[in-house]
Structures are given as structure tokens and as C-alpha cells.
Amino acid sequence: MRKITFRQAISEAIEEEMLRDPKVFIMGEDIATGGAYSGVTKDLPQKVGPERVINTPISESCFTGAALGAALRGFRPIVEFMIGDFYAVAADQIINQIAKARYMSGGRVTAPITIRLPNGGYLNQASQHSQSVESIFIHTPGIKVVCASGAYSGKGLLKSAIRDDNPVVYLEPKILYTAEEEVPEEEYTIPIPGSKILSKGSDLTIAAYGYQVNQAKEAIRSLPQYSVELIDLQSLSPLDSETILQSVSKTGRLLVVQEDYAICSIAEHIAFLVYSSLSAKIKVRIISAKYAPIPFSPPLEKYILPQIEDISAAIKEMLGQE
Amino acid sequence: MQKEIVTKEYVEKLAGQGAGTIILKKGSIITPLAYDYIEENNLKLEFAKDGETVSVQKDEEDFGKENSDLEKLSYSDFKELPYNIVLQFYYLMIKIRFFEEFAKAYKEKDIIKGDFVHVYLGEEAIAAGVCTALKREDFITSTHRGHGHMIAKGADISKMFAELLGKADGYSKGKGGSMHIADIELGILGANGIVGAGLPIACGSALASKLNRDDSVTVAFFGDGASNQGTFGESLNFARIFSLPIIFLCENNGYAISTTSDYGCSTPNIYKRGLGYDIPSQLINGDDVFEVYSACKKAVEEIRKNSHPVLIEAVTHRREGHWIGDPQNYRSAEDLNDLPKYDPIKIFFEKIKARSDFNVSDLEKITSEVSEEMKQAVAFAENSPYLPAQESVKDYLKE
């Protein structure tokens, strides 16, 4: 099967959905000039026509709010943020407007908007360009949150997000843009919500999303003596709780790996879910970023963010005591 | 401080009486046409200030000349308007008045819950004038003080009042309340609890009109307070660079909650901010429904022919506090005592009396019909049940 990068997978998903549905358009900074960080829309104006590739000024509140206005008029806008951290500039429009539009209307309106957020660190981009921004959206009713772990899930999840009648925050781990994966030529989508078991195992469940799925795979590969089940969460809100609980019921141990901080995060939620639904005796660990803004300097950033060896150490600690 | 609107008519009258120097009350707002008249006739303009007089220079030297579009947005004579349109003004204004008086009374009796009922009393002419100039296919975004806009755009007052009471038959089943009413079918894209948040949403609607290649116009209502939000600047710029079919309709009632626009705004004239974005911008008397309608009608016609944004600053007067229950300690006795002078329905009466086809019984008939409609709306709302509480966890995502 052909291999393409995560970046190409995103490009293909957007192009295919725009050709499929004339109500889909995309807005964002520098997306039609070749200057955007993600670079996924570079050739899009030629492929789908320039009208639906709207190069905006640096006005995050305005174009995010405009996505809602257009969505209320029957369009399916995709909003690209240059860097995920900039969501904070448009936080009111996402959290108070887009996410609540349906509820505040008593369920009469829909806001089918895809908000693409290049997310996370490992690239020495410092505190305002390296955050993992998912928790605030997971905490907000009215918006779905998905995160791909590579080109395959990237393409399928994005196509589903664009077709979803609800607002979806689509997180793009920036570190993965150049990573290649096998992606079929044929059309496919990945359901939201829905997780994926990447490897079967009997002794430990690892739940991860985004780049951490890749790091967990490496750690598991380096420890062939253990039987580890790896779940790619894919959809953080709504969460596929059932798959996690079924797996942990079997393995009796859970390690959640995320790049976000632990406090008030999906990992803490999953830990609570397992304790309250299964048993407080289940061994649960969380690997997350250390609680500080993300530093610039490479050795400092490395210290703050989860590394493969942290995951390996946790696996050994959790299974070695048996 | 309340704003006096100085119109060309007023200046003409003073000049006709032989005045070479026009002395105005401090805080007065001079319409562009009045400015032009003063300049053309070499009149001197002064503002009275604490017993002394201070000369004021017109600081936008080329205003109204560089912006040729403004000329096309001049006022038309109310006497030429079809009589049915004039009656429509009254119908909408009196309907808003009745609705808001009921909302106020029910809030004061604590039948409407919550701290935030922002009534539109005193500002009825703007919603009535603007929405009469729109078609059903046109769109609006509204504000926290949105009841008037909803009613003028055709919302059902029964469902509105039920929503204010938090009932199941309300527009949002009681989940939205006073500040969150929307009806896309009627072109109402939503009131809003966040000051300035409707402007970007209105830009998106106008963008949709462009992408659809239809000729619909979107009106973004906002206040003087919202003009200090970042979304205001972003939206004006966005609308201008994409030539969006949108009217930014500023309802300048002089107060952002309790902070006066004299204090909170760098300029007393919000329309000047529009000029800074190279958007045709105009100042009108928002208490005069004829003036609001004329300005808006001309802007709408212009935009349908040639898509572009327009800013209209309608100066008006908030009869009540920011919210019902606001003690309004920040308002002077003079300010409050002057309010009846600016009552849009009273101003409407003065003007309509000059028409030869005016028959007072027409207004009486409308009043009694609206009164009956309002009584039915209140009864409908009171008789509506609350939504079963467990339904409150539904409706945030489409299944």
C-alpha cells in the first residue's frame, strides 16, 4: 500500500470533502498564499477553485465567529488555526458561541464546523506555540474533540469531522506532519466517537492519543516480554469509554499516556472512570507533561514532555512487581 | 450624558433666525449633513461648557466628501413613505413596547427569574426602522438587549415570552432565556450574551451570501460598548476586505452598562471608527424611526446592487437601566428627566401628524390588536409547562 505523510493525508481529506460537498469551505491565515504553518492547503485553490479557500487576515475571533455565521446559513466551514495555541484569541467564539449555539437554541440549530488546531510540542517552539490545548474543549459540552496519531487516522477522522453536523475540534500533532503511514487510495472514514485497539495484550492496557500513540508503540516494541494492549483513543470527546473499560477489565492495569498536563485532563478522567466503574484496586498510572509552560530550550522541553523511556519505565514498574 | 442630535433642519432653523454662531449643548452630536450646512454657510460653531463657550473644529475635514457613498445615504422625506410602511413602524414599535413593559413587570414581580433582563424600551425606533427596511430573507445578529430586534424581524412573541419564563414552549425550550433566542427561518441568527460577539457571526452570514451569490443583507446590531471590543475592529476590517453585504448597526445609547461612552470611547462618534476602516459610515437619530428606516433602506438597496459594508450609528436613549433592577445611580437627574423628550413613539406621533393621510383610528386599531396579541402571548407562556428536568442534558450535540 502507498505511504503518505500526515500532512498529505490532511490535504487529501480536505480536497476530497470539498469536491464532494460544495458547502464545505476553508478559512484561515495564509492558507492560499503558501505561508501557512501546516502547509496542507498549498495546492488547494488550484484543485477546488479559489473561492472556497479563504485567506483571512490575522483575526482569529472574526474568522472563527464567521465560521459560525456561515454554518448557521448551511455551510460546513473548516477553520485552520496557524498554531493551536492561538485558539485562546478566539476562545469566546469557540467556547461561548460555537459550542453553545445548538443548546441555547433548544436543539434547533446545528453548527457543522471543523476547527483544525496544529497541536503540541517536541519542536522547540516555546510556550506560546507548543501547548496541548485539548482539555478546555473536552471540558466544553457541545463540541467534539478528535486527535489523529498519523496519516491513516488523520485522513479518516478529518473526513468524518467535516461531515459531522456538530462542531469538531480536530487536533493535529505538529510533530507528525512529516511522518508517513500506509493510507489506502480508496475512500474511508473513521467513526466519531470510536477508538482503535492497535495491539492486543493481556497484562496491561495503554490508552494514548496523538503523538503519544507513536511513542507508546516504540516503548512496547522495546519490551517484547510484556503483553500490552494499546488503545488509540482517537476521539477524546465523546470518549469511547466502553473499549477502555473492556480492555482494563481484562488486563487489570491501565497506563494513560498523554502530552497534556495531568490536572483536569482526559487522563485523569479515564483514571476516575476506571476506578469508579471497575475497581479501586486496579493499578492506574498517568504519564503526562510536567506542570509548567513548555520551555524553548531542547533539553528543557525534553524534560517537561513525555519520552519513550518514561513509558518503558512505567510499563516495567507496573508489570515488574508481579 | 445624553446626546443631543443636531440635524441640518435644526441648524437651518437657527440660521434662519439670524444666528451667525450656533451654540450647542455640551455632548451634542452633529450629523454630517448639519456639518456640511454649517461649513457651506460659514456659520460658527460653539459648544456651551460650564458657563463658558468653546469653539470646536470639525476634526474630520473631508468627511462626507471622500466618502462619496455617503451622499447616496442621505435621508428621504418621511412624508413620501407609503402609509402602510408608516403603520408598520407603529405596529413594531408598540409591539416591542408592550412586550418589554410586560417583561419589565414580570421581572419586577420576580416571575421572570435570573438577573439579566435587558429591555429595549426607548430604543424601539431602531429595530422597527431597520427591520422594516429588510426582507424576510435578510439576516440579523442581535445583542443582550435583543427582544426588540427579534420582534421586529418577525419572532413569535408567545414563544419569546415563554422563553423568558423558562418554559418548554419557549424558542429554546427554556434553555436559552432572555439573551439566547434565535430563529434561522426568520433570519434571526441569535441574540447574544457576550458584548461584541455577534459581529463576527454576522460577517460569516454575509460571507455565506457572497458564496451563495444571493442578494441577502446581514445586519449586525451592536452598541457603543461593543465598539470597544476587538471583534468590532476585526469584523469591520474583515467585511471591508471581502466587500461583504453587511450593515454594522451601532445603537449608541450612551451607556456601556453604567460606563458612559464619553468616558469609555475615544470618540463620541462611533461612525468615525467606521471611516477609519474605509467603510461608508453615517450618523443618524436613532429615536426617529423615519430616519432609521430611510438610512437603512438606502444602505440595503446600495448593498444589494454593489456588495459592501456600511456602518450606521443610531444615537438613541435607554429608558431603563442596563437590566431591570439596575438602580442607575450613575445617571444624572437631568439625564433621566430628559428621557420623555426622546421617546421614539412620541417622536413618531409628532411626525405622522403632519401627514395628510394620517388617521388616528388606524393607530388605535393597531394598539388594541397588539394589546390583545400580547395578552395571549403572556397567557400562552404562563400555561406552558417546564421541560422535564432530565431533558436539560440533551440538545448540546446532534445525535
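In the predicted model, chain A is divided into two domains, of which domain 1 spans residues 3-182 and domain 2 spans residues 196-320. The C-alpha centres of domain 1 of chain A and domain 2 of chain A are separated by 26 Å. Contact between these domains involves 24 residues of domain 1 of chain A and 23 residues of domain 2 of chain A. On the side of domain 1 of chain A that touches domain 2 of chain A, two or more residues are given by each of the elements α6 (134-138), β6 (144-147), α7 (151-163) and β7 (168-173) of chain A. When the residues of this side of domain 1 of chain A are divided by class, twelve are nonpolar, ten are polar and two are charged.

Chain A also contains an open sheet of five strands, in which the pairing is mixed and the strand order is β9-β11-β10-β13-β14. Its edge strands, each of which pairs on one side only, are β9 (196-199) and β14 of chain A. From one strand to the next, the twist averages 25°. Two helices of chain A pack on the sheet. The helix α10(A) touches β10, β13 and β14 of chain A, and its direction makes about 175° with that of β14(A). Helix α12 (residues 308-320) of chain A, for its part, touches β10, β11 (228-232), β13 and β14 of chain A, with a direction that makes about 170° with that of β14(A).

Of the nine residues of β13(A) (residues 253-261), eight are buried, so the strand is largely enclosed by the rest of the structure. Strand β10 (residues 204-208) of chain A runs parallel to β13(A) and is joined to it by four bridges; in this pairing, Ala208(A) has Val257(A) of β13(A) as its bridge partner. Strand β14 (residues 283-289) of chain A is likewise paired with β13(A) in the parallel sense, over six bridges, and Tyr261(A) stands opposite Ala289(A) of β14(A). Together with helix α10 (residues 266-277) of chain A, the strands β13(A) and β14(A) make a β-α-β unit that is right-handed.

Chain B has 15 helices and twelve strands. Of the 399 residues in chain B, 52% are buried. Among the contacts in chain B with a separation of 6 or more, 76% are accounted for by residues 24 or more positions apart.

The contact between the two chains takes 32 residues from chain A and 32 residues from chain B. On the side of chain B that touches chain A, at least two residues are supplied by each of α8 (198-212) and α9 (230-241) of chain B, and α8(B) gives the most to this side, with nine residues. By class, the side of chain B that touches chain A comprises 17 nonpolar, nine polar and six charged residues.

Definitions and conventions
Residues are numbered from 1 along each chain as its sequence is written. Chains are lettered from A and ligands numbered from 1 in the order in which they are written. This is a predicted model: local features need pLDDT of at least 70, side-chain atom pairs count only at pLDDT 80 or more; totals for chains, interfaces and linings use all residues. Two residues are in contact if their C-beta atoms, placed from the backbone, lie within 7 Å. Ala, Val, Leu, Ile, Met, Phe, Trp, Tyr, Cys and Pro count as nonpolar, Asp, Glu, Lys and Arg as charged, and the others, Gly among them, as polar. Domain bounds come from an automatic or database domain assignment. A residue is buried if 20 or more other C-beta atoms lie within 10 Å of its own, exposed if 12 or fewer, and partly exposed in between; C-beta atoms are placed from the backbone. Two strands pair if DSSP finds at least two bridges between them. A crossover is right-handed if, with the strands pointing away from the viewer, the path from the first strand over the helix to the second runs clockwise. Axes are lines fitted to C-alpha atoms, for helices over the stretch in contact, and angles run from 0 to 180 degrees between N-to-C directions.
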